[in-house]
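Dear colleague,

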Amino acid sequence: MFKYSKRVPKDGSDAVGEILKAAADPKIISFAGGLPAPELFPVAEMKKATDDVYDENGKEALQYGSAKGVLKLRKTIAKRMLDREGIKTDPDHIMVSTGSEQVIDLVGKAFIDSGDTVFVEQPTYLCAIDVFKSYGAKFVSVPMDDDGMRTDALEEALKEHPEVKLLYTVPNFQNPTGRTMPADRREALAKLAEKYDFMVLEDNPYGDIRFAGEHVPSVKSFDKSGHVIYMSTFSKILAPGLRLGWAIADLDVINKLTVLKQSADLHSDNLAQYIVAKFFEENDIEKHIEKISQLYG
């Protein structure tokens with residue numbers, strides 16, 4: 001019997017791996033995982049962007065890079081976050097990650113000690129549960145209704161568990177319910193985080209792919225105290241194989257996450273970062289997202 005750490009699941013099961021394995025079968029149309037439709041991948045445009053990167057920045061793209069991420073890409077993200085999410089930020093407050101899943105892991109590593117309390121929506125994303133559980137978290141589930149997490153129930157839970165350190169939420173098209181939190185609850189959540197001094201991890205992988213209703217500002221856009229960490233990904237609007245996501249947070253938090261990231265992988269794929277930045281430079285991302293949203297709708 002090998003002497004694994006307590007972080008390793010005892011049953012050795014891999015639910016996500018099984019979902020992805022089944023979804024890879026061309027005979028199966030899977031609704032179990034968030035797999036984008038491959039016919040929507042902008043292959044020709046990405047090929048051109050890749051060729052241009054090799055011609056213009058080949059040596060830099062193939063070299064080691066900054067743990068925080070390629071500056072050009074972070075500038076691109078900062079502009080998009082202001083235009084799209086109402087988040088006023090700058091490249092120093094942004095860290096590029098190896099997929100958004102890495103942000104969940106780094107935030108768990110940064111904020112959770114064994115026995116710490118983490119609030120989650122009821123129900124919530126199973127991979128987040130697995131990550132936080134690996135760091136010894138205790139969970140408190142906050143009830144939801146058709147408008148997502150109930151902030152009145154959240155405040156009651158906060159009074160019962162003032163020791164909470166972290167809350168994880170998917171406010172747009174919540175995984176797995178598909179519910180979206182309205183703006184007034186998002187603002188209330190940001191205020192509660194400041195009042196009760198806990199961190200909010202706002203996960204927004206699906207927010208751009210809206211085919212009905214009006215866009216709702218992010219929780220982070222209501223954050224006045226630095227208690228909200230915003231995370232998103234290029235997996236749903238470009239391609240998941242790139243493995244690129246990002247986090248936006250208070251400078252001290254971002255710097256701590258960056259140090260932890262260096263210990264994990266030094267930096268995310270440098271070439272992929274240059275390619276995505278070039279894709280944004282050469283293409284209309286909104287037109288591409290509109291095409292994606294129409295097909296999914």
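The largest cavity has a lining of 14 residues, and Asn-204, Asp-208, Tyr-230, Ser-232 and Thr-233 are those nearest its centre. Two or more lining residues come from each of helix 3 (71-85) and strand 8 (228-233), with helix 3 giving the largest share, four residues. Helices (H or I, at least four residues) and strands (E, at least two) are DSSP runs numbered from the N terminus.

Please bear in mind that this is a predicted model, in which local features need pLDDT of at least 70 and side-chain atom pairs count only at pLDDT 80 or more, while totals for chains, interfaces and linings use all residues. Residues are numbered from 1 along each chain as its sequence is written, and side-chain values use heavy atoms, leaving out hydrogens and water.

A cavity here is a set of points on a 1 Å grid over the protein atoms alone where a 1.4 Å probe fits but cannot get out, and its lining residues have an atom within 4 Å of a point. Among the residues lining the second largest cavity are Pro-36, Phe-41, His-288 and Tyr-296.

Turning to strand 1 (residues 94-97), Ile-94 and Val-96 on one side and Met-95 and Ser-97 on the other are all buried, that is, under 20% relative accessible area with a 1.4 Å probe, protein chains only.

Best wishes

Conventions
1 Å grid on protein atoms, 1.4 Å probe; cavity = no way out; pocket = protein on both sides within 12 Å on 5 of 7 lines; lining within 4 Å. Buried < 20%, exposed > 50% of the residue type's maximum accessible area, 1.4 Å probe, protein only.
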